[in-house]
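Dear colleague,

I am passing on the structure below, together with some notes on helix packing and charged pairs. Please read them alongside the coordinates when you have a moment.

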Amino acid sequence: MAKIQLDDLDRQILALLQEDARISNVDLATAVGLSPSPCLRRVRALEESGIIQRYATLLDPSAVGLGISVFAQVTLDKPTEAQLDEFERSALARPEILECYLMTGEADYLLRIVVPDVPAFERFLRQHLTQVPGLPTSDRASPSSR
């Protein structure tokens, strides 16, 4: 990927695309004061350089049945490189986990979890999150604690 030096027009284009990725090239060009062809060339250069990685659609969580958003801190028993990698692989495999951040301080990770309701979160916590290898044994759910 070619590196490009961002100027004010590139920054304006990026800001507008972050606000509305479906904006037409003509409307984008008008908003930044360019004609459509140079505007499209700039957008393509931003894509080819990797500055624009992809386009995504943001959903209303409650409209798709995911009305509960929970932030959870996770502390691993021995946060070695292998254990961090294993935890991240496990987290990426769960559709309930939308975001997973490696942290400094007392917690190793901060997770953003979305589920339909509180009982669904409790099931996810007991059946999945607390069963991930690397969590301290005292944090794991056991059949007797249910």
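A crossing of two helices is called right-handed if the near helix is turned clockwise from the far one by less than a right angle, and left-handed if it is turned anticlockwise. Please bear in mind that this is a predicted model. Helix 1 passes helix 2 in a crossing of the right-handed kind. The axes of helix 1 (residues 8-19) and helix 2 (residues 25-32) come within 10 Å of each other and cross at roughly 130°, which makes helix 1 oblique to helix 2.

Turning to charged pairs, a search of the whole structure gives five salt bridges. In one of them, Asp10 pairs with Arg42, with 2.9 Å between the closest N and O atoms, and this pair links distant parts of the chain, since Asp10 lies in helix 1 and Arg42 in helix 3 (residues 36-48), 32 residues apart. Asp10 is buried, at 5% relative accessible area, whereas Arg42 is partly exposed at 22%. Asp7, Asp10 and Arg42 are joined in a network of salt bridges.

Within helix 3, Arg44 forms a salt bridge with Glu47 at 3.3 Å between the closest N and O atoms, and the two, three residues apart, are separated by about one helical turn. A salt bridge also joins the side chains of Arg94 and Glu96 (2.8 Å, N to O); Arg94 is partly exposed at 24% relative accessibility, while Glu96 is buried at 17%.

Best regards

Definitions and conventions:
Residues are numbered from 1 along each chain as its sequence is written. This is a predicted model: local features need pLDDT of at least 70, side-chain atom pairs count only at pLDDT 80 or more; totals for chains, interfaces and linings use all residues. Side-chain values use heavy atoms; hydrogens and water are left out. Axes are lines fitted to C-alpha atoms, for helices over the stretch in contact, and angles run from 0 to 180 degrees between N-to-C directions. Helices (H or I, at least four residues) and strands (E, at least two) are DSSP runs, numbered from the N terminus. Angles under 35 degrees count as roughly parallel, over 145 as roughly antiparallel, 65 to 115 as roughly perpendicular and the rest as oblique. A salt bridge is a side-chain nitrogen of Lys or Arg within 4 Å of a carboxyl oxygen of Asp or Glu. Buried means under 20% relative accessible area, exposed over 50%, partly exposed in between (1.4 Å probe, protein chains only).
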